[in-house]
Amino acid sequence: MSEPLYKSIDELIKQFQTGVGKKFSDLDINHRLTGIGRKDKGVLGKIVEEGVFHYSVNSRPEADFANLGIELKTSGILRTRNGVSFKERVPLNNLNYRTVKEQTFEDSDMWHKCQKLFFALYEYLEGKDYGDMSLIASFLHKFSEADIEVMKRDYKIIRDKILNGEAHTISETDTNYLAACTAGSGHGKLDSYAREVNLPVKQRKFALKNGYMTEVVRRLFTNEDIESIVKASELKERSLEEIILGRINPYIGKTETQLKEMFNVTAKSKSRYERYIAGMLGVSGQVNKTDEFIKGGFEFKTVRIESNGKIEQNMSFPYFDFKEIVNQEWEDSDFYQLLAGRKYLFAIFKNNGQEYVFDRIKMWHIPDNILNEEGYKVFSELKNILLSGNIVRGFKTQKNGKVIRLNNFPKSASNPYFHVRPHAEDREDTCDLPVPDKLTGLTAYTKQCFWIKKEYILSVLKEN
DNA sequence: GCATGATCATGC
DNA sequence: GCATGATCATGC
């Protein structure tokens, strides 16, 4: 094997095509997937380099196809009922704290190496060995002008923390598209820089966030019209968050009657609060489906506070698939993905006694320990119940004669943050069970979802 | 008053 | 037809 042999992007794409449809086990010419390598996603990139592009594995600082300035990334994508998404963030190069201190975005090693990325995509199949998964497509990714503006800001946030002696406080949630994620064993390994500054600075890598890549691949795979909220020129002046809040803040204090008229919302739709915010942002479709929200991992949610200062309803999420959930590891689960690293925009509406008034936006992300301790508990409990088949606990006949089913899913009373409750059109709106219910023999059960408790949401709103 | 199970209304 | 965001209704 020798140096890269591809003189043009076309040649590169043509060569990749010879691998499309092939399983990793067929491309694995150096038997990297035997034994312990069977479960190691790190070897997939090497297999593509050797088995598809026929060059030897290296870890040089320049891009993989140096003559073309193209870096190769091998990534898994998922197909779910919500559409296609990237399985995880895309790691770029290591974050060298000493050199980042010296480098602006434009002259950073990261940008030099990664401004053109060639993605080799495979479809990730839950529960299967990597050898059984196949390459399905490729694309060359170049960053748009607007993307680069957001990434510049992200880079600056990370760099400023290092310059200010706060490198140990870097978190993935600090930034929107470009992240500094932990690297090394157990996500807690200290960098050699830690000794130099005498702070617990972790080993990190630059990475493109999962949401960013998901939006990119959605544009590629679907014909969905994805709306943008901001222009590249605006991003030169202000951050994404500043622009979003800048559009919304003028409407603080407006009553529902006023908002309805302003944004021509006539229906009693339960999604009308979302329509008001869409109007404020100037988008016609769903706020959560815009380019910037998907890329930046922003998630819009309405919170209504009653005149007594309380929240009446818990916060729901999309229903989960019983069969899928029992096969999912915690960090791959929909529930984890929905909360981890997401930045929630709570649009708060307060009841003034007559109607709801738009109060403010609260940006929030879930603390790691609550998700990984309490969330994990509820998730594991749910998984055990589904696998045991002990779902229905009994029945209750109401006065009107209706028989209600009582279940064993994690209850509100058992956890201060999360619980599991139905989220369906009605009781007959069901999803297949992995194990039939022992008491009733039911093979499908009313769709359920995770709910965040309203008391917890209220406590979050009271922070600061 | 709250926990729990069930269901509504819209829009894609 | 059904996913989603949201709300209702009973009874302890």
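Helix H8 buries Asn-210, Gly-211, Tyr-212, Met-213, Thr-214, Glu-215, Val-216 and Val-217. The model is predicted.

**Helix H8**

- Helix H8 covers residues 210–221, and its 12 residues should span 16 Å at 1.5 Å a residue.
- The C-alpha atoms at the ends of H8 lie 16 Å apart, which agrees with that expectation.

**Packing of H10 and H12**

- Two packed helices are described by the angle between their axes and the distance between the axes.
- For helix H10 (residues 240–248) and helix H12 (residues 272–281), the angle is about 110° and the axes are 8 Å apart.
- Angles of 65 to 115 degrees count as roughly perpendicular, and H10 and H12 are therefore roughly perpendicular to each other.
- H10 contributes Ile-244, Arg-247 and Ile-248 to the contact, while H12 contributes Ile-277, Met-280 and Leu-281.
- Sorted by class, the residues in the contact of H10 with H12 comprise 5 nonpolar and 1 charged, with no polar residues.

**The sheet S8-S10-S11**

- Three strands form an open sheet in the order S8-S10-S11, and their pairing is mixed.
- Strand S8 (298–305) and strand S11 (356–364) are the edge strands, each of which pairs on one side only.
- On average, and with direction ignored, neighbouring strands of this sheet are turned by 20° against each other.
- Strand S10 (residues 343–351) pairs with S8 in the parallel sense, over 8 bridges.
- Lys-350 in S10 is the bridge partner of Ile-305.

- Strand S12 (residues 392–397) is hardly covered, as 0 of its 6 residues are counted as buried.
- S12 pairs with strand S13 (residues 403–407) in the antiparallel sense, over 5 bridges.
- Within this pairing, Val-392 stands opposite Asn-407 in S13.
- The two strands, S12 and S13, form a hairpin with 5 residues between them.
- Gly-401, in the turn of this hairpin, has a positive phi of about 90°.

Note on methods:
Residues numbered from 1 in each chain as written. Chains lettered and ligands numbered in written order. Predicted model: local features only at pLDDT ≥ 70, side-chain atom pairs only at ≥ 80, totals over all residues. Axes fitted to C-alpha atoms, helices over the stretch in contact; angles between N-to-C directions. Helix = DSSP H or I, 4+ residues; strand = E, 2+ residues; numbered from the N terminus. Parallel < 35°, antiparallel > 145°, perpendicular 65-115°, else oblique. Contact = placed C-beta atoms within 7 Å. Nonpolar A, V, L, I, M, F, W, Y, C, P; charged D, E, K, R; others polar. Pairing = 2+ DSSP bridges. Expected span 1.5 Å × (residues − 1). Buried ≥ 20, exposed ≤ 12 C-beta atoms within 10 Å, placed from the backbone.
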